[in-house]
Amino acid sequence: MTENFIVMDNFLNKGYLKKCKDEIRSLEDSFKLFELPIYVAKRVDLDTLYMGRRSDSPILRVIEDSLFSDVIKILVAAKYDPYFRLFGKTNFHNTFITAHLPGEICSWHTDDVLPNGLFNGELLNYVVYIDMDSKFTGGNIEISYEQVDNIKEKPVGCYPDKEPRLDDVIEFKDNRFVIFPTYLWHQVPPIKCDNYESIFDGRISINGHIGIR
Ligand SMILES: [Fe+2]
């Protein structure tokens, strides 16, 4: 199966990366539990938090510039997948800081359909791995290209009707950018960490979706 994702290391320059990490630390009290049957994590929804004052957030500014940079456009243009092909037509993206601690889950799912089975407008998933000098092991994104039916009657999101075959693993590494079509099955197995004191000892990412509304 042909690899159907883009990985770019050293996504943010050193100065930007430091600003992003400083902002993440400053938002420790803004993380809220986000809980679905297939997904448990703590999140900051930056688009909501900074509504009406986006320029106050270094992360929002940096991510917007970096996501739609010429380098990313060239990398995306080299992909034949129709979801990548529509990148130039996208008109929205969202931005979360997500923290996973041991026991929290991100099981196999896709991100492109509503519970009623209709396309939700989200074409691409992006993730920037952020290592806050964390202590965990794991945290890799696992991807399947298998066509497994969704069970769409569940309340939120979509669920495979069987465990998809594991095809690719994208290892967690500080400042690594990953982007892939939302229809791909993906998961992040629970991280391992013997003892932790704060969410910053867990798996941190800046992530979101890019799409058409
Ligand atoms: Fe996802």
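This is a predicted model: local features need pLDDT of at least 70, side-chain atom pairs count only at pLDDT 80 or more; totals for chains, interfaces and linings use all residues.
1. Helix 1 (residues 14-26) and helix 3 (residues 58-67) have axes that come within 9 Å. The axes cross at roughly 140 degrees. Helix 1 and helix 3 are therefore oblique to each other; roughly antiparallel would need an angle over 145 degrees. Helix 1 passes helix 3 in a left-handed crossing.

2. On the helix 1 side, the contact is made by Tyr16, Lys19, Cys20 and Glu23. Helix 3 contributes Pro58, Ile59 and Val62. By class, the residues of this contact are five nonpolar, two charged and no polar.

3. Check the backbone at Asn10. Its phi is positive, about 55 degrees, although Asn10 is not a glycine. Most residues other than glycine have a negative phi. Asn10 is in the loop between strand 1 (6-8) and helix 1. Asn10 counts as exposed because it has 12 C-beta neighbours inside 10 Å, and the cut-off for exposed is 12 or fewer.

4. Asn175 also has a positive phi, near 70 degrees, and is a residue other than glycine. Asn175 is in the loop between strand 11 (168-170) and strand 12 (177-181). With 19 C-beta neighbours inside 10 Å, Asn175 counts as partly exposed; buried would need 20 or more.

Key
Residues are numbered from 1 along each chain as its sequence is written. Axes are lines fitted to C-alpha atoms, for helices over the stretch in contact, and angles run from 0 to 180 degrees between N-to-C directions. Helices (H or I, at least four residues) and strands (E, at least two) are DSSP runs, numbered from the N terminus. Angles under 35 degrees count as roughly parallel, over 145 as roughly antiparallel, 65 to 115 as roughly perpendicular and the rest as oblique. A crossing is left-handed if the near helix is turned anticlockwise from the far one by less than a right angle, and right-handed if clockwise. Two residues are in contact if their C-beta atoms, placed from the backbone, lie within 7 Å. Ala, Val, Leu, Ile, Met, Phe, Trp, Tyr, Cys and Pro count as nonpolar, Asp, Glu, Lys and Arg as charged, and the others, Gly among them, as polar.
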